[in-house]
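Q: Could you walk me through this structure, starting with how far it can be read?
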Amino acid sequence: MGRYLGIDSSTQSITGLVIDTDGGNMELELSVQFDEAYAASYGVTNGVLDLGDGQMHSPPLMWTEALEALFDRLRDSGCDLGGIAAVAGSGQQHGTVYLGATAATALGRLDPHQPLADQLQGIFSRATAPIWMDTSTDRQCRQIEAGVGGRDALLDLTGNTAFERFSGPQIRKFSQQQPEAYAATSNICLVSSYIASLLAGRLVPIDPGDGSGTNLMDIRTRQWSDRALVATAAGLDGKLLPIQPASRSAGRISPFFAERFGFSSNCLVLPFSGDNPCSMIGLGLVSPGQVALSLGTSDTLFACMREPRVSKLGEGSVFASPDDEHYMALICFLNGSLAREAVRDRFELDWEGFSHALQRTPPGNDGRLMLPYFAPEIVPRVEVANVVRRGLGEADRDANVRAVVEAQALSSKLHSTWMGLAINQLSVTGGGSANREILQVYADVHDCPVQRFETTNSAALGAALRAAYTHGQEAGGGAGWKDLVGPFTRPLAGSTVKPDPAAVAAYQELLPRYRELEEEWAGAAG
Ligand code: XUL
């Protein structure tokens, strides 16, 4: 095996992470923050241009400049780029980059003695790229759904209903509002495939993982769907780059990067994927039934599925895994730490006090329940903040603490049943995972062991692991996914929490009551 580079092109920064699979360790991680370097020259705030009316864009030329700056930093740090056997990457999902007729030629003729951005500034047919934060395409979402035969038809075909941030609705809006610029667009890349194309010096296909964030890909065949393309924009078939398996290399690194930064001309470039699909690999989720939960401001659940199951209620998104075999489900519960902290602060507790309150109260909370919608909720859909208490006094400190955590764990159980998975392992990360009592509630509600692990940039790590996988496979006889991800995704020693049978039984009894209460107050998710 050897050394591999993963690049994560995200909203606010671009990161490079080098792993050494012989030693099973991460060697280096470096980032370029867009605001620090480019706020003045590109006018971005948090990496983004707010164009009003929900339109959130970023300049792809800035990403281009940042990629070169990242390589400068990697080289200046002493990293031996010549020893990197393959590069893969991840991009913020859904964003689209529009290229004119000269792009392919310009990419193939890069002069290593000139800055990258200077040579590529003329290749765009649209100066800015709409990104995942854009919420301006509600009308186009409805039109696309209608065009393929309705919301459920699009869900069944692509794994997702139409979302404003997804690429298809964004492309449709561009084709409607700027038909001439759309006509002058020869190719449309995603953020991921754009950065991969810079590295390869040619247009690199889109992978199925990021293709599933477009509302344009048939989730079963992992190819563009004619029906969805036709419903989205005229002539789209000829503009979108093709889809290629994520784990087949897209060729070698371009002479520009080889000469300028000392890469070997044999260094492989893989199709990049989306940041969430790459994170799935970086979190070690390569077998169905493995689930990771990030307890952050919002709580996000990632699961590895064998089949592309979908939730009719819109409880999550479904993407193809870049392992080219499985699927990923992503569910976002908005009221994560937000809700835990609201309860903690209401009773003037610190996290230790919060844990003690959990220790003092029984699993099941003697039937006392809370719906913790301190802010509007995504899953289940709750449009207005609303905290509901059932049998629970507002001033009962310990019971409120337990009620918020139990509500979150029960909700994660309830809204993950559509995945049809026997969850056999739950790996928890993020700030909330430091609290063992919280992990115990999740272990008891899901009736499976819960373990804690620490993530670095899981998207960049996942990308580097993808590079290692493909390099190994293409060299003949490389490691399989499980062996490869194992050393990089180990749980923290002594962090495993086992379910307690009595508590498991208490939650089995509580779950239907929680569901009833939720149905009373929350709408269908969406
Ligand atoms: C996922 C999504 C975000 C972006 C962030 O659907 O929109 O997670 O991928 O980079």
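Predicted model: local features only at pLDDT ≥ 70, side-chain atom pairs only at ≥ 80, totals over all residues.

Q: OK, which residues touch the most other members of the largest nonpolar core?
A: In that core of 136 residues, they are Ile7, Trp63, Phe71, Tyr194, Leu199, Phe257 and Phe263. A nonpolar core here is a set of buried Ala, Val, Leu, Ile, Met, Phe, Trp, Tyr and Cys residues joined through side-chain atoms within 4.5 Å, and buried means under 20% relative accessible area (1.4 Å probe, protein chains only).

Q: And which domains does this core draw on?
A: At least three of its residues come from each of domain 1 (3–277) and domain 2 (337–452 + 496–525), with bounds taken from an automatic or database domain assignment. Apart from it lies another core, of 23 residues, including Leu270 and Tyr469.

Q: How many aromatic pairs are there?
A: A search of the whole structure gives twelve, where rings of Phe, Tyr and Trp (its six-membered ring) pair if their centres lie within 6.5 Å, and planes under 30 degrees apart count as stacked, over 60 as edge-to-face and the rest as tilted. One of them is the tilted pair of Phe71 and Phe261, at 5.4 Å centre to centre and 35° between the planes; Phe71 sits in helix H2 (residues 60–76) and Phe261 in helix H12 (residues 255–261), 190 residues apart. Helices are DSSP runs of H or I with at least four residues, strands are runs of E with at least two, and both are numbered from the N terminus.

Q: Are those two buried or exposed?
A: Phe71 counts as buried at 0% relative accessibility, and Phe261 as buried at 5%.

Q: Changing topic, why call helix H13 largely enclosed?
A: Seven of the eight residues of H13 (residues 275–282) are buried, so the rest of the structure largely encloses this helix. Just after H13, Gly284 has a positive phi of about 85°.

Q: Last one, what is the strand order in the six-stranded sheet?
A: The sheet is open, with mixed pairing and the order E16-E17-E15-E14-E20-E21. Strand E14 (residues 290–295) pairs with strand E15 (residues 299–305) in the antiparallel sense over five bridges, pairing being defined as at least two DSSP bridges between two strands.

Methods
Residues numbered from 1 in each chain as written. Heavy atoms only, no water. Buried < 20%, exposed > 50% of the residue type's maximum accessible area, 1.4 Å probe, protein only.
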